[in-house]
Amino acid sequence: MDELEIGKQLLRKICDDFALQEDVMQGVEGEYKHALAVLKWAEKLYDGPLPASLALSAIFHDIDRIVTPKVGGGFSGDRKSEEYLQHKKQHAHRSAEYARKILNNRKMDPSLIQRVQFLIEHHDDNQQNTITSDDKELQALIAADTFAFFTTIAPTLYKVEGEKRLKDKIIFMLGKLNDETRVKLWETPLAETLFEQIKNDCLKDYFLANNPRGKEYTYCPSCAHRLINKQIDNRTLRSCPKCPFVFWNNPKPVASMLIARDKKILMVQRAQAPLLGHWCLPGGYVSYGEQPQDTAIRETKEETSLDTEAGHLVGVYSIDNDPRGFNIDIIYSGSIVTGTIAPNDEVRCCKYFHVDDLPKQIAYRHREAIKDWLSEQN
């Protein structure tokens, strides 16, 4: 019997032994389902065959909540506090110690046990206090725990503690992820509409507060001095202490085109991250010196091979749901002049959707723009 099957059997036995435990917020069976969900996500998220150490860590990462729930369970204080970080570290330590004990009793390889103990010990580290952010298995465990949270723990936490406390918990979890995983979480839809909205609201707030564009500038492009954070106009901006340079981090202009035919809208499916697989109107960034209408025409040509002309302005929309940063989208109606649809490498495919049957995953504010365009037609 391999280590994974042994781990599953041990987890089942522990849950049966502690089945009457009353201090577990989502119940012992809820914790059992969460552990298996983390294992499933680890299999999806890990690049390559799942190592036994990662599989066992997924199974036992929260075992403390079952065997010692009075100290390993919920936290009633401020989840932004140092006290909460210590609570999570102690929880991880107890889970790691318990996993070490039971795996040792099964005479598993000492190096494997040591690795499992390490992964569980650090699974609640955030990006600020972990020294192992480049550990592939640890990142997969942290990501799998986060993804599984939304389907196995979030509903109970929402019911018991309310939306605000749930969001505080999610914000803490987002701080544990690397940038790539945060974007993947953004791109992964949840079946439950309420938690999909809560997830995306938290991610939007996170990306607005931690705009990845700020990482583009470490040194001043003018004098090469290391930049510092400085409060300017009630904002924290990357600034040079030696010369006047300030990275203002202003929104970038985007232009898109809405092409309609018999109440069907032409959309393209993204073939690149972020928002991989999402549908949107053809469009892209405005080049320096380019008119927005010309951008919409150029980008539509690049993504669909169609020659078009821009019509009236549908609207101007603030894109606050793109992890690359806050942008301004200028959307025009358009019409096809000539050409046959043929997608380029940036899009998977191009397709017309009836306005009453739009795809579920629409990027940016394009669903809102289509709705505004429809109201003009009535």
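I started with burial. Buried residues make up 50% of the 378 residues in the chain. I kept in mind that this is a predicted model.

Next I looked up the surface. The accessible surface of the chain is about 18800 Å². Carbon and sulfur atoms hold 49% of that surface.

Then I checked the overall dimensions. Along the principal axes, the C-alpha atoms fill a box of roughly 75 × 55 × 40 Å.

I listed the secondary structure. The chain has 14 helices and 10 strands.

I turned to contacts. I took those between residues at least 6 apart in sequence, and 66% of them join residues at least 24 apart.

I found 50 positive and 55 negative side chains. The centres of the two sets lie 2 Å apart.

I then picked helix 14, residues 366-377.

Which residues of helix 14 are buried? I noted His366, Ala369, Ile370, Trp373 and Leu374. Seen down the helix axis, these buried residues fall within an arc of 140°, so they line one face of helix 14. The spacing made sense to me. An α-helix has 3.6 residues a turn, so residues three or four places apart point the same way.

Last, I asked what the buried residues of helix 14 pack against. I found strand 4 (252-261), strand 5 (264-270), strand 6 (279-280), strand 8 (307-319) and strand 9 (327-338).

Notes. Residues numbered from 1 in each chain as written. Predicted model: local features only at pLDDT ≥ 70, side-chain atom pairs only at ≥ 80, totals over all residues. Heavy atoms only, no water. Helix = DSSP H or I, 4+ residues; strand = E, 2+ residues; numbered from the N terminus. Expected span 1.5 Å × (residues − 1). Buried < 20%, exposed > 50% of the residue type's maximum accessible area, 1.4 Å probe, protein only. Arc of directions from axis to C-beta. Contact = heavy atoms within 4.5 Å. Areas by Shrake-Rupley, 256 points an atom, 1.4 Å probe, with all protein chains shown as cover. Lys, Arg positive; Asp, Glu negative; His and termini not counted. Charge placed at Lys NZ, Arg CZ, Asp CG, Glu CD.
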